[in-house]
Amino acid sequence: IDQSKIRNFCIVAHIDHGKSTLADRLIERTGVLTQREMSAQVLDNMDIERERGITIKSQAVRMVYKAQDGEEYIFNMIDTPGHVDFGYEVSRSLAACDGAVLVVDATQGVEAQTLANVYLALDHNLDVFPVINKIDLPSAQPQEVKDEVEDIIGIEAQDAPLISAKNGIGIDEVLEAVVHKIPAPTGDPSAPLKSLIFDSVYDPYRGVIVFVRIKDGVLKKGMKVKFMQTGAESEVVEVGYFGPGQFIPCEELSAGMVGYFTASIKNIQDTRVGDTVTSSDTPCAEALPGYKQVMPMVYCGIYPADSARYPELRDALEKLQLNDASLFYEPETSQALGFGFRCGFLGLLHLEVIQERLEREYDLDLVTTAPSVVYKIYKTDGTSFDLTNPSNLPDPSEIDHMEEPIVNGEIMVTTDYIGPIMQLCQERRGRYLSTDYVEQTRAILKYELPLNEIIYDFFDALKSRSRGYASFDYEIKGYETSSLVKLDILINKETVDALSFIVHKDGAYERGRKMCEKLKEEIPRHLFEIPIQAAVGGKVIARETVKAMRKDVLAKCYGGDISRKRKLLEKQKEGKKKMRQIGSVEIPQNAFLSVLKLD
Ligand code: GTP
């Protein structure tokens, strides 16, 4: 294939501006699929994505487009996620592209992640062109949004296609713009193979399927390839490209192309996203830059509800990590929960998504403990370490001081809501930096905020206090000394290690009180009274009590129908499975996560 007829691009946008919808329209219009074959959204093929309406894993699709100049072009479109937690995924997709389509909602304009994603794309030297979406809506302001794109982002926008991805308006214009505004790949097909792994998935039948962008040379079946970072070598079994939701084998992939290969890869750890694949016989001189390794920022314990399934949980985590290098895990044990894993994530949404994937794709019942950020602990004996599990905090007498991670946060908000948002940031121990007006009605508020104040429910709080008119983006600034204490929860006088929590000294009482109240709601009545206490350094600061009661599920159906009785008992048994025995008390799994959503 002629390189000048290839276009490798991605679509970037703020969440909900219509990226996935546009991607579907492009696929539909280029005729890879008939309308009937399109499921609701072909690109978001994981159930969770469809339900939550968000794009998690980057996906790639090849399309053939017959342009107005009469030529046929090959488009490789790589889908990217829009949520701040997944910036890492965005970044690796971008490295496989030559250009980006920026989708901006005509009713919302430029938002926090519009900017963040555009800057990422520009960092990767991609050519970016904007399209203005949702012009079918009565509140659309296409001209204002064009001006905004030019003012705030600084890219040409007057001839941006005005489209409705939903109603299929302006799609041809977008396809033509891809041909004319995104550069063809450059790269030498006769040079030694040099290709970038931008993703991979595990398939039970074919093993690891590696997604690559060929920078130089040719990748063929039967060839021996080498993974430059890990040094592993293997023989290529199949090469091919991406149909919508399927893999289509082909003879070879040459410079400029995007596709996949399978090989006799034994150890799934050998294929690392960001690694360079070259030919074993004639290797290229040096590897591609790869990706910045990102550090997990949020940790929590994940335990199988049924301890016999620990090995299955380990296998599942190993497979998920294969195409999600930002997921970290290591074995740990908890007094309350037995054997499990301490897992690290980029943020809370990432955590929730992994948890759901484990439960659905691997059919595991899980207990997740309270997430925690990473604290730095400096001990009086001069040593220091990173604390990822609050229950490992040494005795306060051994601690010299503690540090917590701080972020630089940017909140874009309409001026009507500046007051409530500032108040929210204040409550979350934010340090005010500045207000920049981007236009009369909108401003960017800058705050320094402790990461542990924003990982749980900050997004929700932001949305509810601004009626959805605020968007948020952050990056880690560094660590700062802080007065932190460990809050322990005692249920029936026993400390539940999985519920221990690090909080700022001033917030300990409030948090302890709310956690007790929440647990009281979550823990069902038992035959005996159950005290729930919150304590700091052995001193109880809050208490609630679950009153004793005999819960007789059969009491309601006097006499009569035996099958109904049986059904009720079955239901009760089902419910039991979701319980955790702590001493003599049964705690529903939900309790462990619900204590985080206290606002
Ligand atoms: P993520 O994948 O989660 O980052 O979001 P996204 O940017 O892909 O947004 P998505 O395509 O899922 O669209 C978000 C919502 O906007 C959906 O409810 C779409 O139906 C709607 N939407 C997308 N395009 C249009 C449009 O042109 N007009 C209108 N009215 N709604 C649209």
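1. A charge counts as sitting over a ring if NZ of Lys or CZ of Arg is within 6 Å of the ring centre and within 35 degrees of the ring normal. By that rule, the charged end of K376 sits over the ring of Y479, 4.7 Å from its centre. R62 does likewise with Y241: its charged end is 3.6 Å from the centre of that ring.

2. A word on the ground rules. This is a predicted model, where local features need pLDDT of at least 70 and side-chain atom pairs count only at pLDDT 80 or more, while totals for chains, interfaces and linings use all residues. Residues are numbered from 1 along each chain as its sequence is written, and side-chain values use heavy atoms, with hydrogens and water left out.

3. On to the rings: there are 13 aromatic pairs in the structure. Rings of Phe, Tyr and Trp (its six-membered ring) pair if their centres lie within 6.5 Å, and planes under 30 degrees apart count as stacked, over 60 as edge-to-face and the rest as tilted. F9 and F75 have ring centres 5.7 Å apart and planes at 90°, so they make an edge-to-face pair. This pair links distant parts of the chain, with F9 in strand β1 (residues 6–13) and F75 in strand β3 (residues 72–79), 66 residues apart. Helices (H or I, at least four residues) and strands (E, at least two) are DSSP runs, numbered from the N terminus.

4. F75 also pairs with Y65: the ring centres are 5.5 Å apart and the planes at 35°, so this one is tilted. Y65 lies in strand β2 (residues 60–66) and F75 in strand β3, so the pair ties together parts ten residues apart in sequence. As for burial (under 20% relative accessible area is buried, over 50% exposed, in between partly exposed; 1.4 Å probe, protein chains only), Y65 is buried at 7% and F75 is buried at 0%. F9 is buried too.

5. Elsewhere, ring pairs link F198, F211, F242 and Y260 into a cluster.

6. An unreviewed UniProt entry lists a "binding site" that includes S20 and N133. UniProt positions are given in the numbering used here, feature names are shortened, and annotations may be inferred rather than shown by experiment. S20 lies in helix α1 (residues 19–29) and is buried, at 11% relative accessible area.

7. N133 is found in strand β5 (residues 127–133) and is buried, at 3%. Not counting residues up to four places away in sequence, N133 touches residues including H17, G18, D105 and S164, contact meaning heavy atoms within 4.5 Å. H17 and G18 are also on the UniProt list.
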